[in-house]
Amino acid sequence: YRKFCKIKGVFKAMNIAKIHVWKVPVLLYGDLADRVLIYIHGQGGRKEEAESFAEIATNYGWQVISVDLPEHGERKDKARFVPWEIIPELQKIMKSAKENWKVIGIYACSIGAYFSIQAFQNTKPDICLLVSPVLDMEDMISNMMLQAQVTEEQLKERQEIKTETGVVLSCKYLCWVREHPVKSICKETNILYGTQDEMIPYKIVKKFSEENNCRLNFVENGQPWLHTDREVAAMRKWEQTVLEESRSIIPNK
């Protein structure tokens, strides 16, 4: 179907197709193009949240694929929200994208960025936009264990511990994370980080950006979840800047 969106003060129609790719519910935004951005939400998100970004991206010649990760959105199957199940799914999405588009980018939020980095190590997208990305999962898990006063010995003994906040700490998850360190997946990696993000320490984002030659931009006083009018406006401006520069990407022949 087509939805009318206000882009740069002008109303124009944006095509939206609801499909399945490898049995995963997917929304495909935009008219036929040779380039696509795969949108990967964070924890608690869903594929529909890509719409505002797609309204911008389609104006720069991109289509956008947005997926529902396991246990989110329309997903009713038995797949779980863990990396060893999510990563194979994302790799199948990428395989399909490579069969249909010449230029492929990634737009990923929070833990969705972590899954993306793990999934696309060998495919090397042309461009990445990472918003409040989780870049050191081991550090995040260690902090959750510290807050819950759970030792590693206790976790090894019980394998899974549910904290008072409802978070389930998993020994298998921690071991998996340690065995799969992150590294940049493309030369054109752009990161947007809120300076008041208490979940993702600045030192980790800074270190990753410097080691992988990423472009790091900030939302001053931005929280872990960029959602206020001011934060969203800053995010949209950043998206437009990155997408304008992306026009120079030459499709593979």
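Helices (H or I, at least four residues) and strands (E, at least two) are DSSP runs, numbered from the N terminus. The exercises below concern a predicted model.

**Exercise 1. Where is Thr 58 found, and is Thr 58 buried or exposed?**

Step 1. Locate the residue: Thr 58 belongs to the loop that runs between helix 1 and strand 5.

Step 2. Apply the cut-off: a residue is buried when its relative accessible area is under 20%. The value for Thr 58 is 19%, and Thr 58 is therefore buried.

Step 3. List the surroundings. Not counting residues up to four places away in sequence, Thr 58 touches Met 14, Tyr 29 and Gly 30.

**Exercise 2. Classify Asn 59 as buried, partly exposed or exposed.**

Step 1. Asn 59 lies in the loop between helix 1 (51-57) and strand 5 (63-67).

Step 2. Because its relative accessible area is 24%, Asn 59 is partly exposed.

Step 3. Relate sequence to space: Asn 59 and Asp 31 are separated by 28 residues in sequence, and their C-alpha atoms are 9.9 Å apart.

**Exercise 3. Describe how helix 2 and helix 3 cross, and state which residues make the contact.**

Step 1. Two packed helices are described by the angle between their axes and the distance between the axes.

Step 2. The axes of helix 2 (residues 83-100) and helix 3 (residues 111-119) come within 9 Å and cross at roughly 65°. The crossing is right-handed.

Step 3. Helix 2 contributes Pro 83, Ile 86, Ile 87, Leu 90 and Gln 91 to the contact, while helix 3 contributes Phe 115, Ser 116, Gln 118 and Ala 119. By class, six of these residues are nonpolar, three are polar and none is charged.

**Exercise 4. Which residues have the most contacts inside the largest nonpolar core?**

Step 1. The largest nonpolar core has 55 residues, and those with the most contacts inside it are Leu 90, Phe 115 and Met 137.

Step 2. Examine one of them: leaving aside neighbours within four places in sequence, Phe 115 is in contact with Leu 69, Phe 81, Pro 83, Ile 86, Ile 87, Leu 90 and Tyr 173.

**Exercise 5. Identify the buried residues of helix 6 and what covers them.**

Step 1. In helix 6 (residues 171-179), the buried residues are Cys 171, Tyr 173, Leu 174, Trp 176 and Val 177.

Step 2. Their cover includes helix 2, helix 3, helix 4 (137-147), helix 5 (152-158) and strand 9 (168-170).

Terms used:
Residues are numbered from 1 along each chain as its sequence is written. This is a predicted model: local features need pLDDT of at least 70, side-chain atom pairs count only at pLDDT 80 or more; totals for chains, interfaces and linings use all residues. Side-chain values use heavy atoms; hydrogens and water are left out. Axes are lines fitted to C-alpha atoms, for helices over the stretch in contact, and angles run from 0 to 180 degrees between N-to-C directions. A crossing is left-handed if the near helix is turned anticlockwise from the far one by less than a right angle, and right-handed if clockwise. Contact means heavy atoms within 4.5 Å. Ala, Val, Leu, Ile, Met, Phe, Trp, Tyr, Cys and Pro count as nonpolar, Asp, Glu, Lys and Arg as charged, and the others, Gly among them, as polar. A nonpolar core is a set of buried Ala, Val, Leu, Ile, Met, Phe, Trp, Tyr and Cys residues joined through side-chain atoms within 4.5 Å. Buried means under 20% relative accessible area, exposed over 50%, partly exposed in between (1.4 Å probe, protein chains only).
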